[in-house]
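Here is a short report on charged side chains that pair up. Have the structure open while you read.

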Amino acid sequence: MFEYNFHWRPVLKSLPDLLQAGLLTLEVALISMVIGITIGLCLALMRMKLNGPLKWFAVSWIEVARNTPVLFQLFFFGFGLGAAGINLPPYVIIVTGLSFNCAGYLAENFRGGFKAVPDTQINAARCLGMNGWQTYTRIIIPQVFRIVYHPITNQMVWAVLMSSLGMMIGFRELSGETQFFASRTFRIFEYFAVTAVIYYVIVKLILGLSRLLSARLFRY
């Protein structure tokens, strides 16, 4: 009968390194989300308001980001660009890949948010003498962010979890650090069990902070 002897001491010794890697995972996800939100909002507006090459550029970005695997996108920015002589460090590759992917998904969320705001509000803003910039920055976009707030939270959780693919390109975030220590000590179960708990705590913290922020921002 197969028996497995659990040894938690190596995991406890390397726990500070795992927690530091968890912070790096959260950092990568936050940076990717900030970039993704910014680009996604621009892509949504380009797709809705423009015609010609810029519109098709936005459509192409969204279609590729949403219909190809994240790992494929990371390999493209890592090894694909490397074949063309553009060699990026693992940190830049994971941030670029996640930002590209998040921007594509968030662009469609933003587009749905824009569609949900009644056109009568644009007409009312024009009657008040607001120009296009004022209408969107003061009236439309704040409402759009309220509509897509929870999808943005879900995308943040997605970015945290998908950052684990960084270990496939040599980036030692939480999963990469776990793989490194597990391969050295052969304590596979122990390391991945502790890492699963760390991921769980990170996600629950994100969701808890999201609920608190939602209660303060949207209480009226």
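In this predicted model, Glu108 pairs up with Arg111 in a salt bridge, and their closest N and O atoms sit 2.9 Å apart. Arg111 is partly exposed, at a relative accessible area of 24%.

Glu108 has another partner, too: its side chain also meets that of Arg47 in a salt bridge, at 3.0 Å from N to O. Glu108 is in helix H5 (residues 90-116) while Arg47 is in helix H2 (residues 15-49), so this pair ties together parts that lie 61 residues apart in sequence. Are these two buried or exposed? Glu108 and Arg47 are both buried.

Now for a pair elsewhere in the chain. Arg172 and Glu177 form a salt bridge, with 2.8 Å between the closest N and O atoms. Arg172 counts as partly exposed at 39% relative accessibility, whereas Glu177 is buried, with a relative accessible area of 8%. As for shared partners, salt bridges join Arg47, Glu108 and Arg111 into one network.

Here are those pairs side by side:

| Salt bridge | N to O distance |
|---|---|
| Glu108 and Arg111 | 2.9 Å |
| Glu108 and Arg47 | 3.0 Å |
| Arg172 and Glu177 | 2.8 Å |

How many salt bridges does the structure hold? The count is 4, and the table lists some of them. As a bit of background, side chains of opposite charge can pair when their charged atoms come close.

Methods. Residues numbered from 1 in each chain as written. Predicted model: local features only at pLDDT ≥ 70, side-chain atom pairs only at ≥ 80, totals over all residues. Heavy atoms only, no water. Helix = DSSP H or I, 4+ residues; strand = E, 2+ residues; numbered from the N terminus. Buried < 20%, exposed > 50% of the residue type's maximum accessible area, 1.4 Å probe, protein only.
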